[in-house]
Amino acid sequence: RAVVNVTKDVPFSSIPLHMILTEDVAFQSDIGFVFSKMQDARWPWFLPIAAYIVYEKHQHDSFWAPYLDVLPRSARNVVNFPMEEMVTGLRGTTVLQTLRSYRNNTLDAIKRFHTRLLSSFPLLFQRHRHTLNEFVWASVVVLSRSFALRHSDEGTGEERVVKML
């Protein structure tokens with residue numbers, strides 16, 4: 001219950017745009033050229049952000065360190081949820097096949113992106129530091145923290161998806 005009247009179309013809270021970790025932030029970063037060079041393939045939108053998170057996680061002077069430090073060390077969603085638990089809970093539903101397909105496609109994309117990133121940019125992304133498990137974790141972090149918002153700075157008032165917070 002609100003303690004003051006909240007007026008329609010009047011912002012009562014905001015987050016400065018420079019504090020939102022987005023695809024643009026990843027592409028405009030010091031390693032943004034990596035993601036630009038990998039645009040020849042059609043990757044899911046979340047992978048450059050996930051890769052940027054993995055990279056920043058290993059930078060001792062990262063602007064994002066306070067945020068990255070409070071993220072859970074393990075995160076679960078349909079991408080890395082134990083399949084046997086999903087089967088038990090969803091047996092007999094049409095949802096199970098949809099989730100299996102989404103999970104397989106997503107994990108396949110993460111693996112292909114990870115492999116290409118490590119082989120194309122071995123000085124920035126090293127197999128012993130930037131593991132596939134880290135990429136899966138970062139992908140789950142991004143996918144579980146994305147939301148839509150009204151972006152009023154552009155004056156359009158149209159909905160945008162913030163692909164990470």
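Let's start with Asp 108, which forms a salt bridge with Arg 112, the closest N and O atoms being 3.1 Å apart. By salt bridge I mean a side-chain nitrogen of Lys or Arg within 4 Å of a carboxyl oxygen of Asp or Glu. Both residues sit in helix 6, four residues apart, about one turn of the helix. Helices here are DSSP runs of H or I with at least four residues, numbered from the N terminus. Asp 108 counts as partly exposed because its relative accessibility is 38%, and Arg 112 is partly exposed too, at 40%. For those labels, buried means under 20% relative accessible area, exposed means over 50%, and partly exposed is in between, with a 1.4 Å probe and protein chains only.

A word on where this comes from: it is a predicted model, so to speak of local features we need pLDDT of at least 70, side-chain atom pairs count only at pLDDT 80 or more, and totals for chains, interfaces and linings use all residues. Residues are numbered from 1 along each chain as its sequence is written, and side-chain values use heavy atoms, with hydrogens and water left out.

Back to the charges. How many salt bridges does a search of the whole structure find? The search gives two. Besides the pair in helix 6, there is one between the side chains of Glu 134 and Lys 57, at 3.0 Å from N to O. Glu 134 belongs to helix 7 and Lys 57 to helix 3, so this pair ties together parts that are 77 residues apart in sequence. Is Glu 134 buried or exposed? Glu 134 counts as buried, because its relative accessibility is 11%, while Lys 57 is partly exposed at 36%.

That brings us to helix 7, residues 132–144. Its 13 residues reach 18 Å from the first C-alpha to the last, close to the 18 Å expected at 1.5 Å a residue; the expected span is 1.5 Å times one less than the number of residues. Buried residues in helix 7 include Glu 134, Phe 135, Trp 137 and Ser 139. Among what covers the buried residues of this helix are helix 3 (46–57) and helix 6 (95–120).

Of its 34 residues, Val 34, Phe 35, Ile 53, Phe 113, Leu 117, Phe 125 and Phe 135 touch the most other members. Helix 2 (32–37), helix 3, helix 6 and helix 7 are the elements that give two or more residues to this core. Which helix gives the most? Helix 3 does, with nine residues.

Let me zoom in on Phe 135. Leaving aside neighbours within four places in sequence, Phe 135 is in contact with residues including Ala 50, Val 54, Phe 113, Leu 117, Phe 125 and His 130, where contact means heavy atoms within 4.5 Å.

Last, a backbone detail. Asp 9 has a positive phi of about 65 degrees although it is not a glycine. Asp 9 sits in the segment before helix 1, and counts as exposed because its relative accessible area is 71%.

Technical notes. A nonpolar core is a set of buried Ala, Val, Leu, Ile, Met, Phe, Trp, Tyr and Cys residues joined through side-chain atoms within 4.5 Å.
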